[in-house]
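Please look over the chain shown here before reading the notes on its strands, its core and its surface.

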Amino acid sequence: MTLESIKNDAVSRSFHGLEPLLTTKEAAKIIGLSVSFLNNDRYLAKAEGTPPKYPYVKLPSGGVRYRGVDLLALIEIGMQGGVNYVGH
């Protein structure tokens, strides 16, 4: 799965320009982590009173969703090298 395919999928699933929210399973697949890793990230952040490494949306029903745009930003921040790399 490429960044471009993720973006295209998000656009095709959008509703009147609103970005669809991803389940924990979908988010884990996109960023290449396990569902349990994301669950643990949320648990530790709450227990320690710190922000999670992977931001999420808590629904009124109690469910958890992730915004694709947040995941893409984290992927791009973590990229090393390549044409757009400006780090040292």
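How many bridges join E1 to E3, and in which sense do these strands run? Two bridges join them, and the strands run antiparallel. The model is a predicted one, and the points below are to be read with that in mind.

**Overall layout**
- The chain contains four helices and three strands, which follow one another along the sequence in the pattern α-β-α-α-β-β-α.
- Of its 88 residues, 22% count as buried, while the accessible surface of the chain comes to about 6400 Å², with 59% of that area belonging to carbon and sulfur atoms.
- Among the contacts in the chain with a separation of 6 or more, 43% are between residues 24 or more positions apart.

**The sheet**
- The three strands make up an open sheet in the order E1-E3-E2, with antiparallel pairing, and its edge strands are E1 (21–22) and E2 (57–58), each of which pairs on one side only.
- Strands of a sheet pair through backbone hydrogen bonds, in either a parallel or an antiparallel manner.
- E2 and E3 form a hairpin with five residues between them, and within the turn Gly62 has a positive phi of about 100°.

**The nonpolar core**
- The largest nonpolar core has ten residues, namely Leu22, Ala27, Ala28, Ile30, Ile31, Leu38, Tyr54, Val64, Tyr66 and Leu71.
- The elements that give two or more residues to this core are helix H2 (24–31) and strand E3 (64–67), and H2 gives the most, with four residues.
- In soluble globular proteins, nonpolar side chains tend to be buried together.

Key:
Residues are numbered from 1 along each chain as its sequence is written. This is a predicted model: local features need pLDDT of at least 70, side-chain atom pairs count only at pLDDT 80 or more; totals for chains, interfaces and linings use all residues. Side-chain values use heavy atoms; hydrogens and water are left out. A nonpolar core is a set of buried Ala, Val, Leu, Ile, Met, Phe, Trp, Tyr and Cys residues joined through side-chain atoms within 4.5 Å. Buried means under 20% relative accessible area, exposed over 50%, partly exposed in between (1.4 Å probe, protein chains only). Two strands pair if DSSP finds at least two bridges between them. Contact means heavy atoms within 4.5 Å. Accessible areas come from the Shrake-Rupley method with a 1.4 Å probe; for residues, only the protein chains shown count as cover.
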